[in-house]
Amino acid sequence: HSFLSASSAVTHHAQVAWKKFTRKCSSSCHTFPYIRMAQAVSLALSRSHLIVPGIFGLGGGRLALAQRKVVETNYYPSSNSLYSRAQDGHAFVSSILLSVIEGVILLVRAIYLTILFSPSIIMAPFADSCGLKFRKIWLEVVHRTLETAGPAFIKWGQWAATRPDLFPKDLCTKLAELHSRAPEHSFAFTKKTIERAFGRKLSEIFDGFEEEPVASGSIAQVHRASLRFRYPGKRVKPMLVAVKVRHPGVGESIRRDFMIINLVAKLSKFIPTLNWLRLDESVQQFAVFMMSQVDLAREAANLNRFIYNFRSWKDVSFPKPVYPLVHPAVLVETYEQGESVARYVDEFEGYDMVKAKLAHIGTHALLKMLLVDNFIHADMHPGNILVRVSHSKASRKRLFKSKPHIVFLDVGMTAELSKSDRINLLEFFKAVARRDGQTAAECTLRLSQRQNCPNPKAFIEEVDEAFTFWGTPEGDLVHPAECMEQLLEKVRRHKVNIDGNVCTVLVTMLVLEGWQRKLDPGYDVMETLQTLLLKADWAKSLSYTIDGLMA
């Protein structure tokens, strides 16, 4: 202490300490014959600022060790202990204040959401009975409400759109139209986030950085940049990269909204008509989905896994993460050029050969993910798929003979199946392709570990009856994908539970089948799946079969 404090302060502290120590000893049965002498010597030595206090401190420490039992019974807190306790008290008070503030914020947010969702909740009971026009208005109100409520509810709507086993088809269709739009955050915040994440100035990483984002979603926005230094001080060959930066406050906003959603899910247990939905489990699945979207480092890990799985494919690729420039709030990846596949689906006339090849490549890529890798891109809508076709003079002359290249983007949302779910799902697909209703219904009932269907027998009979019709010449005109959609509608009406990952895979196949049917009306995804399942019964053979079909 004498090295850091003035002599008067040291003497003052020594006097206070000795006064308290003497008072303690006077009330104790133990006697210290040299206490007065030690007091006088220490008060004198406390005026010294260099070596003597250290020597006396060492000697006093040895004396204290010898008198350990007495000190333990007559302990008096040191100034450091008192200071640490004061700090703990300050931290405790601060934590209480922060908890109160957080509670107030949650309460205000809950009141705001209650007011916001009131119109759609009040209209919901009348949506089925007041005519088609009223129902369309209600669907639009739900759509606008979720868009206004923020990123967590936009993502919830997108997730709910993949659950036709829980929600009506028209509601799922409307929720699938939710766009992950969000106000673009400032370039100043982008710069600050990147510099904080990587510990370097922006100019020490990038040669050129476009301040205006090329895209912005509910979780993050994307900037285009030219990479200068991948590692500190090591210049690399100029590389065009996409820099994805998470929006400010998204994590906290989603966390608070998720707490409110979780509370609503727990309260739903007390409403008998909602028990079969198992909203608590659905919320947990939704939480996993949200975490995979918010953590950009997890998306980088998913990209690496897809890149490895498709390492031998020349017609399919993914953006490559640029390590070490990967962080939960910032992801730097290669910038991929190409046209959205939506333009080939909706805009481009002609190009029939290119469109047919796109349909085949996309189908076989998804079937490889499902049947071979058990790692599925679960957000495979046209906006996340780019197409590259060579535009050289030579290629234009043989455009219809060229083979397009597909790039899959935004792999934050993925699905993996357990061994039992995978077997049941493959058996389900076989049954659908063969129009075997009873087997398809039984497989469907096994697609959840906790099946709460109130009347499984009635469900099996209805599904078997529908498949019997689909097997007739008249029913044969119904497309297999439409058969699966009707089956999911029966699942919802009979309150059959399907685990979230399984349903995500089913809907991903339906989404893929939908835009591929537009690309090539004569191509049948379900028929291709049936061919693969009948040709091979294990992953290795399936891999060879898919590669053969691609060739």
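A contact means that heavy atoms lie within 4.5 Å. The model discussed here is predicted.

Q: What share of the contacts in the protein chain with a separation of 6 or more comes from residues 24 or more positions apart?
A: A contact requires heavy atoms within 4.5 Å. Among contacts in the protein chain with a separation of 6 or more, the share from residues 24 or more positions apart is 71%.

Q: How many helices and how many strands does the protein chain have?
A: Helices and strands are read as DSSP runs. For the protein chain, the secondary structure amounts to 22 helices and 12 strands.

Q: Which element of the protein chain has the lowest mean pLDDT, and which the highest?
A: The protein chain as a whole has a mean pLDDT of 76, and 71% of its residues reach 70 or more. Among its elements, the highest mean pLDDT, 95, belongs to strand β7 (residues 330-334), and the lowest, 45, to helix α4 (residues 68-73).

Q: How many contacts beyond near neighbours in sequence does the stretch of residues 69-76 have in the model?
A: The pLDDT is below 50 over residues 69-76. Beyond near neighbours in sequence, the contacts of this stretch in the model number 9.

Q: What percentage of the 551 residues in the protein chain is buried?
A: A residue is buried when its relative accessible area is under 20%. Of the 551 residues in the protein chain, the buried part is 44%.

Q: Is C172 buried or exposed?
A: The cut-off for a buried residue is under 20% relative accessible area. C172 has a relative accessibility of 6%, and therefore C172 counts as buried.

Q: How many disulfides does the structure hold?
A: A disulfide needs a pair of cysteine sulfur atoms within 2.5 Å. The number of disulfides in the structure is 0.

Q: Which residues touch the most other members of the largest nonpolar core?
A: In soluble globular proteins, nonpolar side chains tend to be buried together. The largest nonpolar core here has 69 residues. This core draws at least three residues from each of domain 2 (182-336) and domain 3 (338-391 + 401-550). The residues that touch the most other members are F318, L370, F408, L425 and F428.

Q: Which residues are in contact with L370, leaving aside its neighbours within four places in sequence?
A: L370 belongs to the largest nonpolar core. With neighbours within four places in sequence left aside, the contacts of L370 are I376, L417, R422, L425, F429, V505 and M509.

Q: In what order do the 4 strands of the open sheet lie?
A: The edge strands, each pairing on one side only, are β5 (316-317) and β8 (339-340). The order is β5-β11-β10-β8.

Q: Which residue in β11 is the bridge partner of L386?
A: L386 in β10 is also the bridge partner of S340. S317 stands opposite V407 in β11. The bridge partner of L386 in β11 is V407.

Q: How many residues lie between β6 and β7 in their hairpin?
A: Strand β6 (residues 321-327) and β7 pair over 3 bridges in the antiparallel sense. Within this pairing, V326 stands opposite L331 in β7. The number of residues between the two strands of the hairpin is 2.

Q: What is omega of the cis peptide bond that joins Y323 and P324?
A: P324 has its place in strand β6. A cis peptide bond joins P324 to Y323, with omega about 5 degrees.

Q: Why does N374 count as buried?
A: N374 is found in the loop between α14 (352-373) and β9 (376-377). Phi of N374 is near 55 degrees, a positive value in a residue other than glycine. The cut-off for a buried residue is under 20%. N374 counts as buried because its relative accessibility is 14%.

Q: What is the relative accessibility of K495?
A: K495 is found in the loop between α19 (480-493) and α20 (500-519). Phi of K495 is near 55 degrees, a positive value in a residue other than glycine. K495 counts as partly exposed because its relative accessibility is 32%.

Conventions
Residues are numbered from 1 along each chain as its sequence is written. This is a predicted model: local features need pLDDT of at least 70, side-chain atom pairs count only at pLDDT 80 or more; totals for chains, interfaces and linings use all residues. Side-chain values use heavy atoms; hydrogens and water are left out. Buried means under 20% relative accessible area, exposed over 50%, partly exposed in between (1.4 Å probe, protein chains only). pLDDT is the predictor's confidence in each residue, from 0 to 100. A nonpolar core is a set of buried Ala, Val, Leu, Ile, Met, Phe, Trp, Tyr and Cys residues joined through side-chain atoms within 4.5 Å. Domain bounds come from an automatic or database domain assignment. Two strands pair if DSSP finds at least two bridges between them.
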